[in-house]
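Dear colleague,

I am passing the structure on to you below, with the sequence, and after it I set out what was found. Please read the notes with the coordinates open beside them.

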Amino acid sequence: MNKQLIAKFLGICVSAGTFTTYVHAATSTATTASDIQATLSATFTEIDTNQDKYLSLAEVEAWQDTQHVERFTSLDTDASSSLSLVELQANTTKNGFPEAITENLFKLLDNDSNSELSSAEFALLAPGKGGLIRHFAHMDTDGDLQISETEFLTAPPHHGGPGNQHGRH
């Protein structure tokens, strides 16, 4: 059960573009399945802004956008409303990315070549809505176009034949 919950949690984080933020927070404090379950329940409550005990796609998209803004703000250590290469590297090298890859990524994202990333340029790192919609559809096991807390807390079913060990993402 613990591995299923972790896999579910990672899938949610990746699809919502908050992998580093949420996984780091959860793994630094959540050591048991019940800790992970509590973290997931709190996340569900945070996303469920109308408090109807269901997540709509609009609520998940709004939460993803909020997470992106919070991530950008946390990386912008000098509060300049833009990210320097140094600010980006401080985070990426801490998380195991080689500096050379971060520098190349920075150059690719810096569309106006001003040696800083705007929030809009940084937004290009966020996963596309297609991945979010696909993950939402996988979680919506009863097909009612909403995700109940039960669906949110239950690992998605494993599908695929021999050789497919990854299940649905």
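This is a predicted model: local features need pLDDT of at least 70, side-chain atom pairs count only at pLDDT 80 or more; totals for chains, interfaces and linings use all residues.

Ser 82 sits in the loop between α4 and α5, where its side chain makes a polar contact of 3.4 Å with the side chain of Glu 116. Leaving out residues up to four places away in sequence, Ser 82 touches Phe 72, Asp 76, Glu 87, Glu 116 and Leu 117.

In helix α6, which spans residues 99-109, the buried residues are Thr 102, Phe 106 and Leu 109. These lie on the same side of α6, because they cover an arc of only 70° around the axis. The face turned away from that buried side carries the exposed residues Ala 100, Lys 107 and Leu 108, while the cover over the buried residues of α6 includes α5 (85-94) and α7 (119-122).

As for the nonpolar cores, the largest has 13 residues, and those with the most contacts inside it are Leu 40, Ile 47, Leu 55, Val 60, Ile 147 and Phe 152. At least two residues of this core come from each of α3 (33-47), α4 (57-75), α8 (129-139) and α9 (149-153), with α3 giving the largest share, four residues. Apart from its neighbours within four places in sequence, Ile 47 is in contact with Leu 55, Glu 59, Val 60, Trp 63 and Phe 152. A second, separate core has eight residues, among them Leu 75, Leu 83, Leu 88 and Phe 106.

With best regards

How values were computed. Residues are numbered from 1 along each chain as its sequence is written. Side-chain values use heavy atoms; hydrogens and water are left out. A nonpolar core is a set of buried Ala, Val, Leu, Ile, Met, Phe, Trp, Tyr and Cys residues joined through side-chain atoms within 4.5 Å. Buried means under 20% relative accessible area, exposed over 50%, partly exposed in between (1.4 Å probe, protein chains only). Contact means heavy atoms within 4.5 Å. The arc is that of the directions from the helix axis to the C-beta atoms. A polar contact is a pair of N or O atoms within 3.5 Å; within protein, one must be able to donate a hydrogen and the other to accept it, and residues adjacent in sequence count only if both atoms are side-chain atoms.
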